[in-house]
Amino acid sequence: MTKPPTGATADPLTVLTGMYAAEADYLAAGGPGAASFAPLAPFFSPDVVLHQADALPYGGTWRGHEGMERFFAAMSGVWESFDMVEQEFLATGETGGPAVVLTRIRARARATGRELAFPILQTITVTDGRIAEVRPFYLDTGAVADLTRLP
């Protein structure tokens with residue numbers, strides 16, 4: 001189990017690598033409904049904001065820990081598997097700006113059983129040792145939406 005950072009002294013790279021490890025553990029343990037969100041919660045500010053593209057099946061703005069739990073439940077309802085195959089930290093947010101993370105995903109849609117490999121670029125703001133804002137950017141939200149819905 002990944003230990004969360006403590007206080008404002010936790011650098012963004014430590015926070016992000018810890019959060020991604022905790023997220024992988026959470027998903028491996030079954031995610032929403034099967035695993036507790038508690039190990040992930042300390043990595044996020046209580047008023048965290050996640051902005052997902054409206055075109056996605058789990059699109060919208062998700063706020064706070066409760067919003068993050070609802071987001072993970074919505075996302076889990078869409079994807080049977082969602083594997084982070086490779087990750088690159090393009091910027092770490094050390095100079096006060098957001099961190100930038102490129103993640104290559106391989107996922108299988110629950111509704112259709114079809115698979116898709118795609119990149120997600122995220123800007124992530126870490127404030128006082130916790131993730132305060134996340135903005136994921138998908139190369140093709142239409143392809144994701146099409147793959148995940150039945151005709």
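Aspartate 146 is partly exposed, with 45% of relative accessible area. In this predicted model, the side chain of aspartate 146 forms a salt bridge with that of arginine 149, at 2.6 Å from N to O. Arginine 149 is likewise partly exposed, at 47% relative accessibility.

The structure holds 6 salt bridges. Through shared partners, salt bridges join Glu80, Arg108 and Glu115 into one network. A further salt bridge is formed by the side chains of arginine 135 and glutamate 133, at 3.3 Å from N to O. Arginine 135 is partly exposed at 35%, and glutamate 133 is partly exposed at 26%.

Strand E4, residues 99-109, also contains threonine 103. Threonine 103 has a relative accessible area of 4%, which is under 20%, so this residue counts as buried. The side chain of threonine 103 makes a polar contact of 3.1 Å with the side chain of glutamine 87. Leaving aside residues up to four places away in sequence, threonine 103 touches Met84, Glu86, Gln87, Phe118, Pro119 and Ile120.

The largest nonpolar core has 37 residues, and the members that touch the most others are Phe44, Tyr58, Trp79, Phe118 and Ile131. At least two residues of this core come from each of helix H1 (12-28), strand E1 (44-52), helix H2 (64-78), strand E3 (79-92), E4, E5, strand E6 (130-138) and helix H3 (141-148). H1 gives the largest share, with 6 residues. As for phenylalanine 44, the residues it touches are Met19, Phe37, His65, Met68, Arg130 and Ile131, not counting those up to four places away in sequence.

Leu90, Leu121 and Phe137 make a nonpolar surface patch of about 270 Å². Of these, leucine 121 belongs to strand E5, residues 115-127. Leucine 121 has a relative accessibility of 31% and therefore counts as partly exposed, a class that lies between the 20% and 50% limits.

Conventions
Residues are numbered from 1 along each chain as its sequence is written. This is a predicted model: local features need pLDDT of at least 70, side-chain atom pairs count only at pLDDT 80 or more; totals for chains, interfaces and linings use all residues. Side-chain values use heavy atoms; hydrogens and water are left out. Helices (H or I, at least four residues) and strands (E, at least two) are DSSP runs, numbered from the N terminus. Buried means under 20% relative accessible area, exposed over 50%, partly exposed in between (1.4 Å probe, protein chains only). A polar contact is a pair of N or O atoms within 3.5 Å; within protein, one must be able to donate a hydrogen and the other to accept it, and residues adjacent in sequence count only if both atoms are side-chain atoms. Contact means heavy atoms within 4.5 Å. Patches are made of residues with over 30% relative accessible area and no salt bridge: like charges are joined within 9 Å, nonpolar side chains (Val, Leu, Ile, Met, Phe, Trp, Tyr) within 5 Å. Accessible areas come from the Shrake-Rupley method with a 1.4 Å probe; for residues, only the protein chains shown count as cover. A salt bridge is a side-chain nitrogen of Lys or Arg within 4 Å of a carboxyl oxygen of Asp or Glu. A nonpolar core is a set of buried Ala, Val, Leu, Ile, Met, Phe, Trp, Tyr and Cys residues joined through side-chain atoms within 4.5 Å.
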